[in-house]
Structure formats: structure tokens, C-alpha cells
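Hi everyone, thanks for making time this morning.

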Amino acid sequence: MLANEVRPGPNRYITGEGVLFDLPEYLNDFDQVAVITGDQSFDVFQTYYPHPFDYPVYRYDGSSSYENAQELADKIKHADVLLAIGGGRVADTAKITAERMGAELIVIPTLVSNCAPFTPVIVAYYPDHTICKIDYAKKGAYMTIVDTRFLLATPVDYFIAGIADTLAKYYEMEAIVRTMAEEDKTALVRLGFQSAKLIKELLIADAIQAVTDLEAGRLTPAFARITDAIIALAGEVGGFAVEFGRTSGAHALHDGLSYLSETHSVLHGNKVAYCIWVQLAYTNDFAVIEELRPFYEALHLPMKLKDLHVSRVDRAYFAPVLTYAVKEEETFVLIDPTITPEKVFRAIEAVEAL
Ligand SMILES: [Zn+2]
């Protein structure tokens, strides 16, 4: 995608209590509907959805791969709209299938954990579940339906991980923006950054309350604000600021941590939470870490390697993690062109010493 090409989100973003009940009206414009979903997602949907639902239903295989997306297209054969009912992988699979079939796409997220229902970004994996590439759908979704009452079905741990992953948007973009000359910050980069700032403010102000509300099964304005922040506002950061609104230090280290198999069972956003602290230590922002500490404590976010099940903290053990994190084609380098494995390791040690 080009640095000056803006991809703000779906054609229509519909959010609010009970908006899913209007689905039959939205589908009036289409002749042939097909559904792509997962087992759990579809159960949750059927429990909530009040109308008859007799469209053909196809299960994805959990991989979010081009291969599975094509298989689904071959099975579906004809449809003018696909309904993607599920989490990020279902949405991403359906983006590829819809594009290959020339069909429109309606995304119905079944949990609040990332901005996949909103953006044209596709995280594509190989059928064996290893990462393939980050891709962009040529078109945005026709519609994204965010029913805040339905989304009270979100598992609490996924919601908290989504909060942490979304919080990273601000810290990762801020670290890039602080190195930019004023004149290089276009109006669109500034809008992306304002979105990141607003996300941080909303999360700090409302996320703890929203978690309590979710646990109690209570639909509140705070839960609705955090839902829209995680799904929609998060998508606007990169949607407007493009390459300057990308991930930077925290996600590069997160990806490097995948070399430590003991971290594999930890949710993506929880690992990112820890990596935000290492990035802040790297840029010497220890005061910011202390500002964040009460928030992390309240949500039980990882603050030390032991929280990621890592018990060895020595340079040799971390060698593959560090080599990956500082790679030229990775994103830690965006905040310091003179990055070295030693500097990142010192930041990890500094966080351990806090
Ligand atoms: Zn992430």
C-alpha cells in the first residue's frame, strides 16, 4: 500500500445495542448469501440471533490461509455477499474469499479483540499456521456490524489482551512520530496520531470499568466506547498514517519472542503488553512505565518475563529473539536506526530490574 493512500475502514460501520437484529434488512439488497464462520463463533451467533437463519454455512479451517480461502470459494461457488461471523481469522479468510469470488463482504465480529473486522488488512498464514504475509484486500468490507450487546459474549481474557494490543498503537506510533520533523507530518499522519492518542485516553479512562462490566454481563457506555476503540479507532491509526502508524518496537520484540516456545500459550496482546514496557525502557521512558503501572496491575498484564513463562534471562538464551527484533526489515529499527541486540537486551534487563 502506498504511503499516501488512505484506507479508513469499511463502507458502512454499524455499531450499537441490538444492531444485529436489523441484518435481514441489510441482506435485502442481495440475492445469494453465504456464511463463513467457525464452530464456536457460530454457536455464539445462533444463541443470540432472533430471526430464522437458513443461509448455507461454511466452516473455515482455523488457518486464515489463501489455500483455505480458495477452498471455501470453490465450495460456495455462487454468492453476491459473504457473511463473516467470527474473530480476526474468520474475517481475514472471508476477505480473501470475497475478493476471489467478486462478492461483497459483511463482517460480524463475535468478540472484541482487534481491528480485523474494520480494516482491509489481512494477516495470512500458511496452512500449517506459520505466518505467510500481511496483505491488503483491494476493497474494504461492504459493512461491519458491531452489536455491543452481542459482544458481551467476548471472553474476558481476549478482551484484556485486545486492550493491551490496542494500547500499543499509541506507544509504537509515538516512538516513530517523535523522530519525525514537523514538516514531514502530513495532515493524514496527524489524524492517525490523534486517533492513537484518543485510543490511549479512552483505554486509560474506561478499560478497567469496561472489563468489570463485561465480567458482570452489563452493557454500559464504557464497554461500548472500548469496543469501538479496539475495533474501529485502532483501524484508523494505520488507516490514515499508513507507514507511520504501523507497529514499531513492541511488535518487533513480540515477533522475536516467538522463538521462545514457553511464550506460545500467552495471548498475543498480553505479550505485546510486556513488550511495550521494553520499548519504553529502550527509549528511556521509565516515568511512562510508572504511569502505566497501576493500569497494568489492575488488568493483571505481564510486567516481567516470568509472566510470559520465561525463567531464563541471559544474553545467550535471548540471542535468536534479539537477532529477530533488530532485523532491518522488522519494525524496532523504525525508532532507532542504530539499534543493536545489546541495546534491546539492556532494555529487557532494565524492565526485569524495575
Ligand atoms: Zn498486535
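Let me start with the ground rules. This is a predicted model, so to speak of local features we need pLDDT of at least 70, side-chain atom pairs count only at pLDDT 80 or more, and totals for chains, interfaces and linings use all residues. Residues are numbered from 1 along each chain as its sequence is written.

First, the overall layout. The domain assignment gives domain 1 (12–152) and domain 2 (156–353); such bounds come from an automatic or database domain assignment. The C-alpha centres of the two domains are 27 Å apart. Where they meet, 17 residues of domain 1 are in contact with 18 residues of domain 2, contact being C-beta atoms, placed from the backbone, within 7 Å. On the domain 1 side, that surface is made up of 10 nonpolar, five polar and two charged residues. Here Ala, Val, Leu, Ile, Met, Phe, Trp, Tyr, Cys and Pro count as nonpolar, Asp, Glu, Lys and Arg as charged, and the others, Gly among them, as polar.

Now to the core. The largest nonpolar core has 114 residues, and L82, A84, I276, V278 and V344 have the most contacts inside it. By that I mean buried Ala, Val, Leu, Ile, Met, Phe, Trp, Tyr and Cys residues joined through C-beta atoms within 7 Å. Buried means 20 or more other C-beta atoms within 10 Å of a residue's own, exposed means 12 or fewer, and partly exposed is in between, with C-beta atoms placed from the backbone. Helix α7 (residues 221–241) gives the largest share of this core, 13 residues. Helices (H or I, at least four residues) and strands (E, at least two) are DSSP runs, numbered from the N terminus. Each of domain 1 and domain 2 supplies at least three residues to this core. As for V278, its contacts beyond four places in sequence are L253, A347, I348 and V351.

Next, the annotated site. Which residues does UniProt list under "binding site"? The unreviewed entry names D165, H251 and H268. UniProt positions follow the numbering used here, with feature names shortened, and annotations may be inferred rather than shown by experiment. These residues span 104 residues in sequence, but no two of their C-alpha atoms are more than 9.6 Å apart, so they gather at one spot.

D165 sits in helix α5 (residues 156–177) and is buried, with 26 C-beta neighbours inside 10 Å. Beyond four places in sequence, D165 touches N114, H268, G269 and V272. H251 belongs to helix α8 (residues 249–257), and is buried too, with 23 other C-beta atoms within 10 Å.

For contrast, look at strand β7 (residues 131–136): of its six residues, the number buried is zero, so the strand lies largely in the open. Strand β6 (residues 121–125) runs antiparallel to β7, joined by five bridges; pairing requires DSSP to find at least two bridges. V121 stands opposite Y136. In this hairpin, with five residues between the strands, H129 has a positive phi near 80°.

S64 is not a glycine, yet has a positive phi of about 60°; S64 is buried, with 28 C-beta neighbours inside 10 Å. K77, also not a glycine, has a positive phi of about 65°, but K77 is exposed, with 10 other C-beta atoms within 10 Å.

Key
Two residues are in contact if their C-beta atoms, placed from the backbone, lie within 7 Å.
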